[in-house]
Amino acid sequence: MKKSLAEQMQESTQKRRKRQWAVMITFAVFMVAFIFISMNTGFSKLTPAEVLNTLFGKGTSRQSLILFEFRLPRIVISMLVGAGLAVSGCILQGVSRNALADPGILGITSGSGLIVVLYLSFYSSAAKAPTLLLPFLALAGGLMIAAIIYMLSYSKKDGLNPNRMVLTGIAVTAAVNGLMIVLMLRLNPNKYDMIASWLAGSIWGSTWKQVLTLLPWVLLLIAFAFLKSRMLDALSLNENVASSLGVNLNRERLYLLLIAVGLAAACVAFTGGIGFVGLIAPHLARRLVGPGHRMLLPASALGGALLLLMADTLGRLIFPATEIHAGIMVAIIGAPYFLYLLSRSKM
């Protein structure tokens, strides 16, 4: 007996839901696997048996120090930053309806770096600068540049134009990067090396204090983004369609942009310039779970957390003595994928 259209649609929906949950579970399983691999990876060797003994309180004081004070905070920071950047990129792609948008399009990384360079330039050495202020200054810089781009992209007649926002972001980011290079050339070698390492995207030196500071930012803003998932679906449609659904486009865009900027700036403040996570993770998630943001946002968060954790782990695994910054590893992975997306883009 031939199935009715309603039955076929219901069956299709059930299959799609099963696939979406299968993707989520797969991401979670891979993440657990890489957490364990990351706990075993580093300059100071810990065998899997030693890691398990230490987790259950049977390790030596040295093993406990390595695992609980150095590696676990770094693992948690990697996952929080990866999730935050991925959700930020997912929001920006939905709001701008631009497949190549990511947190860097608002100049957050460049704005944060500029403020850090300015701040350190007032001190004779990096050691004399109060480093606890750096995350907050980086956050303020990212928000400031994002606000400038928003104001330049807004007009009373047309409101916030997504295409203008993207082009303005590219122009302002280029100008800020140029200014930052000029300022860095005036620094002494010690401060230059410190800032260059931060801008390259380093997760080295993460502490539980940083984890506890970043955790509420990421969890609360991702929760707000999830509550706005239906609005993101509407904004991803044609503007006329979204307006006919009763959506206040300018207000909702502003709310979502604030969430995206807050997420990206907070993450950049703790790990420096890590790019491509906000571009790759949403694209992979969209291919696997579909365009609906109710499932796309959590899938992007899991994908971003897994991607950055993998990048940081591989950076320590390839060269344990020196380590490759997570930002560089993500760029190595992300640049070819970005070129692939660009070749398929209709822009």
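Predicted model: local features only at pLDDT ≥ 70, side-chain atom pairs only at ≥ 80, totals over all residues.
1. Residues are numbered from 1 along each chain as its sequence is written, and side-chain values use heavy atoms, with hydrogens and water left out.

2. The overall make-up. The protein chain has 14 helices and 2 strands; helices (H or I, at least four residues) and strands (E, at least two) are DSSP runs, numbered from the N terminus. Of its 347 residues, 48% count as buried. Buried means under 20% relative accessible area, exposed over 50%, and partly exposed in between (1.4 Å probe, protein chains only).

3. Links along the chain. Take the contacts (heavy atoms within 4.5 Å) between residues at least 6 apart in sequence: 76% of them join residues at least 24 apart.

4. The core. The largest nonpolar core has 92 residues, and Ile91, Leu106 and Leu214 have the most contacts inside it. Helix H3 (residues 61-96) gives the most to this core, with 16 residues. Such a core is a set of buried Ala, Val, Leu, Ile, Met, Phe, Trp, Tyr and Cys residues joined through side-chain atoms within 4.5 Å. Not counting residues up to four places away in sequence, the residues that Leu106 touches include Leu92, Ile145, Met165 and Val261.

5. Which residues of helix H7 (residues 189-199) are buried? They are Lys191, Ile195, Trp198 and Leu199. Seen down the axis of H7, the buried residues fall within an arc of 95°, so they line one face of the helix; the arc is that of the directions from the helix axis to the C-beta atoms. On the other side of H7, Pro189, Asn190 and Asp193 are exposed. Gly201, whose phi is positive, near 90°, follows H7.

6. A glycine to find. Leaving aside neighbours within four places in sequence, Gly315 is in contact with Glu323, Ile324 and Met329. Gly315 and Met329 are 14 residues apart in sequence, and their C-alpha atoms are 6.4 Å apart in space.

7. Back out to the surface. Met151, found in helix H5 (residues 134-153), is exposed, with a relative accessible area of 57%.
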